Amino acid sequence: MPITKVLEAQIDHVSILDEHGNFDEALGKGLIPDEDLIKLYGHMVICRLLDEVAFKLQRSGRMGTYPQNMGQEAPSLGAAYALESTDWMVTCYRENCGLFWRGLPMEKILQHWMGDERGNDIPRELHATPIAVPIGTQMLHATGLAWAAKYRKEDRVACTFFGDGATSEGDFHEAMNFAANLDIPVVFFCQNNQWAISVPGKIQCSAPTVAQRGMAYGMDCLRCDGNDLFAVVHCMKKAIASGRENNRPTFIEAVTYRLGDHTTADDARRYRDAEEVELWKARDPITRIKEYMKSRKIWDDSKQAELDEHADQAVSAAVKRAEGIESPTTNDIFNWMYAELPESLAVQRDTMRTSSLGQDPSQIETPQTSQQN
Amino acid sequence: MANLTLVQAINLALVQEMEKDDRVIILGEDVGLNGGVFRVTEGLFKRFGEDRVVDTPLAESGIIGTSIGLAMAGLRPVPEIQFEGFLGPAYDQICSHAARMRTRTRGAFTVPLTIRVPVGGGIHAPELHSDSPEAIYAHQPGLKVVMPASPYDAKGLLVSAIRDPDPVIFFEPKRIYRAFREEVPEDEYTVPIGKARTVCEGTDLTIVSWGASVVQCMQAIERSSTSIELIDMRTIYPFDIEAVEESVSKTGRCVIVHEAPKTCGFGAEIATQIMERCFLHLEAPVQRVAGFDTIMPYYKLENEYLPDADRIEKAIQEIGAY
């Protein structure tokens with residue numbers, strides 16, 4: 001037998017609640033208790049509203065460039081719901097819903113996009129890292145964070161989020177390789193929203209699934225309907241258990257769709273068909289939960305009206321808080337560069353308004369060392 | 001006290017810091033059983049075990065990116081990048097994340113990380129094993145860049161780097177890894193980051209240098225009849241401009257020597273600051289003796305490229321006679 005088969009591969013796609021209301025009882029029963037489901041649904045509604053309001057804030061000049069999360073609420077929320085609060089969440093910028101579930105105040109995200117670094121000053125107890133801007137670099141940090149937990153024998157996994165475009169980046173592959181070969185408990189969670197700005201998923205990955213990329217590194221791979229909260233929770237529970245019990249990483253591909261533009265600086269109509277967007281609007285992760293809950297008689301229009309009002313209040317309050325934060329001081333440009341500010345930087349800080357950069361204070365006619373905004 | 005090479009001094013610093021602090025872990029390519037390609041981590045794998053001295057996959061960005069995560073979690077990783085020529089793949093992680101983390105999170109996350117990197121030419125190595133990229137990293141705000149020129153300083157500076165709460169690139173001049181020995185205390189001591197060392201005192205001319213070039217400077221000084229003060233910067237950023245200012249204000253003449261290409265080399269910054277601070281004391285223009293603005297040649301021509309005592313001596317004569 002000169003040729004023998006050395007690998008037989010299989011990738012499972014998980015769907016529990018589809019867009020037509022079909023619910024898989026075998027997989028879904030008891031997965032999310034009703035009282036949790038109501039909370040999760042309400043949370044998604046609030047996040048969707050915040051997203052719409054954030055878009056308007058940008059359009060009206062009250063906020064800088066903002067990447068809408070619309071349509072992608074379920075993946076990060078399902079993940080955050082399945083994780084313990086002591087597990088790390090290492091995100092990029094379409095995980096608002098999961099971060100808010102973890103406890104990140106909504107105004108922190110607004111503050112970030114309003115151009116204030118303090119939006120990244122995330123309380124340590126949330127075990128969430130700030131939004132990573134360069135694509136596909138944060139998976140390595142997640143691997144390091146989970147590695148540290150393993151080293152210290154802490155019962156903690158890390159879940160890192162990224163898009164389909166990020167799976168083309170070298171760091172993504174290095175992170176998967178490190179985690180798999182060094183037995184580090186990381187969940188690699190790909191939000192396959194099918195578009196990297198204007199470039200479609202097939203240019204990032206010509207294989208039938210993104211999920212199989214994990215297989216090349218010897219880790220378990222799962223694929224699910226990312227707009228199905230139940231399917232996401234199902235996959236996450238498996239991945240988390242594998243991390244906790246055996247320090248093994250898992251790759252999850254959650255197939256979803258970016259309903260909005262890449263950011264407020266983008267116009268997706270330039271490169272994708274309206275029909276495609278309409279198709280995915282019909283697969284909205286929020287609508288299907290609502291219909292499911294209505295069919296189960298645990299939700300009705302009056303509860304919805306109550307929720308909508310609550311969402312309005314919550315989002316308005318978050319915007320008010322974000323806009324009410326005092327501007328950072330000029331000194332902040334310098335003061336966080338190092339634990340201890342080097343003398344040369346202190347000079348730049350203290351003379352920035354009184355001298356051209358780089359002049360020594362002793363050479364300035366009237367040296368001033370106080371700072372001002 | 002022991003008479004140690006620079007490699008041995010670094011090894012001793014690693015051993016002592018690892019014994020003292022279990023947050024210190026080493027990771028990189030071949031750092032484990034093999035003890036590193038230059039044997040800097042010799043014996044550590046056996047002594048501290050595979051959890052603390054970790055052979056990683058061959059991926060520089062991966063080594064630094066995971067080190068950033070380890071550091072964000074509160075450990076003190078000391079990754080090794082095998083040669084400075086392989087820092088390139090990790091540049092994004094170093095500059096886009098390690099350097100920025102403290103300020104972009106306003107202190108919520110910090111990266112206490114020490115990246116050890118053999119640096120520079122002169123050992124007949126293949127290409128991309130002989131460069132001097134210190135100015136590139138000195139130009140990235142948020143990093144500290146260190147380059148010792150002696151075993152004593154190497155030990156003391158490495159201890160400071162490991163204990164430093166911010167990311168440090170610790171360049172180890174490979175040409176002098178085993179070139180000479182020096183008395184190095186076994187007892188704990190530190191050499192502060194950001195402080196230069198006056199190697200020898202003089203009155204007529206100042207030479208400013210760092211890394212392996214300091215040895216060439218000493219050779220030139222021994223040949224010269226001029227009274228020369230030699231300053232070893234030891235740290236490229238933050239740098240001890242006061243030490244330079246004090247010396248040049250006294251001597252009025254300065255030659256800066258480094259292996260890296262001349263244009264935009266770190267000597268350019270020092271020369272500018274000398275002009276800003278010592279203009280009225282200067283008797284001659286500041287002269288640089290540096291690598292050329294070329295690709296570092298293969299080793300048959302590397303000694304033509306690297307500043308040597310002859311070139312330094314010539315600069316001393318030119319500037320002395322100006």
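## The open sheet of chain B

In this predicted model, five strands of chain B form an open sheet with mixed pairing, in the order E9-E11-E10-E13-E14. Helices (H or I, at least four residues) and strands (E, at least two) are DSSP runs, numbered from the N terminus, and two strands pair if DSSP finds at least two bridges between them. Strand E9 (197-200) and strand E14 (287-291) of chain B are the edge strands; each has a single partner strand, so one side of each has no neighbour in the sheet. From one strand to the next the twist averages 25 degrees. Strands of a sheet pair through backbone hydrogen bonds, either parallel or antiparallel.

Strand E13 (residues 254-261) of chain B and E14(B) run parallel and are joined by 5 bridges. Within E14(B), Gln287(B) stands opposite Val255(B). Helix H12 (residues 309-320) of chain B lies across strand E10 (205-209), strand E11 (228-232), E13 and E14 of chain B, and runs at about 165 degrees to E14(B). Axes are lines fitted to C-alpha atoms, for helices over the stretch in contact, and angles run from 0 to 180 degrees between N-to-C directions.

## Basis of the model

Residues are numbered from 1 along each chain as its sequence is written, and chains are lettered from A and ligands numbered from 1 in the order in which they are written. This is a predicted model, in which local features need pLDDT of at least 70 and side-chain atom pairs count only at pLDDT 80 or more, while totals for chains, interfaces and linings use all residues.

## Domains

Chain B is assigned domain 1 (2-184) and domain 2 (197-320); such bounds come from an automatic or database domain assignment. The C-alpha centres of these two domains of chain B lie 26 Å apart. Their contact takes 27 residues from domain 1 of chain B and 24 residues from domain 2 of chain B, where two residues are in contact if their C-beta atoms, placed from the backbone, lie within 7 Å. On the domain 1 side, the elements that give two or more residues are helix H6 (134-138), strand E6 (144-146), helix H7 (151-163) and strand E7 (168-173) of chain B. That side has 15 nonpolar, 6 polar and 6 charged residues. In this classification Ala, Val, Leu, Ile, Met, Phe, Trp, Tyr, Cys and Pro count as nonpolar, Asp, Glu, Lys and Arg as charged, and the others, Gly among them, as polar.

For chain A the assignment gives domain 1 (12-324) and domain 2 (332-363). The C-alpha centres of domain 1 of chain A and domain 2 of chain A are 41 Å apart.

## Contact between the chains

Chain A contributes 36 residues to the contact and chain B contributes 37 residues. On the side of chain A that touches chain B, helix H6 (138-151) and helix H7 (170-181) of chain A are the elements that give two or more residues. H6(A) gives the most, with 10 residues. By class, this side of chain A has 17 nonpolar, 12 polar and 7 charged residues.

## Buried residues and the core

A residue is buried if 20 or more other C-beta atoms lie within 10 Å of its own, exposed if 12 or fewer, and partly exposed in between, with C-beta atoms placed from the backbone. Helix H3 (residues 73-82) of chain A is mostly covered, with 10 of its 10 residues buried. Among them are Glu73(A), Pro75(A), Leu77(A) and Tyr81(A).

A nonpolar core is a set of buried Ala, Val, Leu, Ile, Met, Phe, Trp, Tyr and Cys residues joined through C-beta atoms within 7 Å. The largest one has 198 residues, and those touching the most other members are Leu110(A), Leu145(A), Ala146(A), Val187(A), Val232(A), Ile252(A) and Val255(B). Helix H2 (residues 34-59) of chain A supplies the largest share of this core, 10 residues. Not counting residues up to four places away in sequence, Leu145(A) touches Trp88(A), Val90(A), Ala158(A), Gly69(B), Met72(B) and Ala73(B).

## Backbone exceptions in chain B

Most residues other than glycine have a negative phi, and most peptide bonds are trans. A cis peptide bond joins Tyr237(B) and Pro238(B), with omega about -10 degrees. Pro238(B) is in the loop between strand E12 (235-237) and helix H9 (241-251) of chain B.

Asp30(B), not a glycine, has a positive phi of about 70 degrees. Asp30(B) is in the loop between strand E2 (24-28) and helix H2 (44-48) of chain B. Arg106(B), also not a glycine, has a positive phi of about 50 degrees, and is in the loop between helix H5 (101-104) and strand E5 (114-119) of chain B.
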